[in-house]
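Here's a quick briefing on the fold below. Have a look at the model first, then we'll go through it topic by topic.

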Amino acid sequence: MPVRFEWKDESRRAIVYIASGEWNWKDYHQAVRAAAFSLTAVEHSVDSVIDLRASTRASLPAGAAAHVRSFGRVTQARLSGRAAVIGLPAEEIERLGAGPRQTLATTDGVVKFVDSDAELETLLAGWAADPPAP
């Protein structure tokens, strides 16, 4: 599968979507739909992580501006609306208009771009300490 999902760790506070090879938006949304069943097994809000480090694409598929904002949408009751993206080149982030804070606001959430595992862990720890209001 070009995009698969797994829990970040045993706390199940974050679900990770891992894109590899030549994936497309259909692959991503298929993984999101499949992950919806896993989300019903938790009682708390869940943040999303989109890991693009194993992607072999030179750039994001067409329609990136709309699709990237969907990373932070609350499509399931357990999703927090907070998404972190790791592995996207700086020029792609700039093209999306994330600005110096490396952040995109969405209708009901936020997408934050990170450069490293350490930055991702810090972000997720901060989010875990400040869960969204029910």
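A word on terms before the fold: helices (H or I, at least four residues) and strands (E, at least two) are DSSP runs, numbered from the N terminus. On that basis, the sequence reads β-β-α-β-α-β-α-β-β-α, with four helices and six strands in the protein. This is a predicted model, so to speak of local features pLDDT has to be at least 70, side-chain atom pairs count only at pLDDT 80 or more, and totals for chains, interfaces and linings use all residues. Residues are numbered from 1 along each chain as its sequence is written, and side-chain values use heavy atoms, with hydrogens and water left out.

**Overall shape**

- The radius of gyration is 14 Å, close to the 14 Å that the globule rule gives for 134 residues, so the protein is as compact as a globular protein of that length. For reference, that radius is taken over C-alpha atoms, and the rule is 2.2 Å times the number of residues to the power 0.38.
- Along the principal axes, the C-alpha trace spans about 40 × 35 × 25 Å.
- Buried residues make up 41% of the 134; here buried means under 20% relative accessible area, exposed means over 50%, and partly exposed is in between (1.4 Å probe, protein chains only).
- The accessible surface comes to about 7300 Å², and carbon and sulfur atoms own 52% of that. These areas come from the Shrake-Rupley method with a 1.4 Å probe, and for residues only the protein chains shown count as cover.
- Take the contacts (heavy atoms within 4.5 Å) with a separation of 6 or more: 70% of them are between residues 24 or more positions apart.

**Strand β4 and its partners**

- What are the eight residues of β4 like, buried or exposed? Eight of eight are buried in this strand, which covers residues 79-86.
- On one side of the pairing list is β3 (residues 46-55), which runs parallel to β4 and is joined to it by five bridges. Strands count as paired if DSSP finds at least two bridges between them.
- I50 has V85 of β4 as its bridge partner. To get from β3 to β4, the chain passes through helix α2 (residues 64-70), and this β-α-β crossover is right-handed. Right-handed means that, with the strands pointing away from the viewer, the path from the first strand over the helix to the second runs clockwise.
- β6 (residues 110-114) is also parallel to β4, again with five bridges. I86 sits opposite V114 of β6.

**The β1-β2 hairpin**

- β1 (residues 3-7) and β2 (residues 14-21) pair in the antiparallel sense over five bridges, and W7 has I15 in β2 as its bridge partner.
- Six residues separate the two strands of this hairpin.
- R12 lies in the loop between β1 and β2 and is partly exposed, with a relative accessible area of 35%.

**Positive phi values**

- Most residues other than glycine have a negative phi.
- R12 is not a glycine, yet its phi is positive at about 55°.
- Q102 is partly exposed, at 24% relative accessible area.

- T106 is in the loop between β5 (103-105) and β6, and T106 counts as buried at 14% relative accessibility.
- A polar atom of the T106 side chain lies 2.7 Å from the backbone nitrogen of G109.
- Beyond its neighbours within four places in sequence, T106 is in contact with R69, G72 and V111.
- S70 is in helix α2 and counts as buried at 15% relative accessibility. Leaving aside neighbours within four places, S70 is in contact with Y28 and H29.
- W127 belongs to helix α4 (residues 117-129) and is buried, with a relative accessible area of 11%.
- Not counting residues up to four places away in sequence, W127 touches D47, R82, A83, A84, V110 and K112.
- How far apart in space are W127 and A62? They are 30 Å apart, C-alpha to C-alpha, and 65 residues apart in sequence.

Technical notes
Polar contact = N/O pair within 3.5 Å; in protein donor to acceptor, adjacent residues only side chain to side chain.
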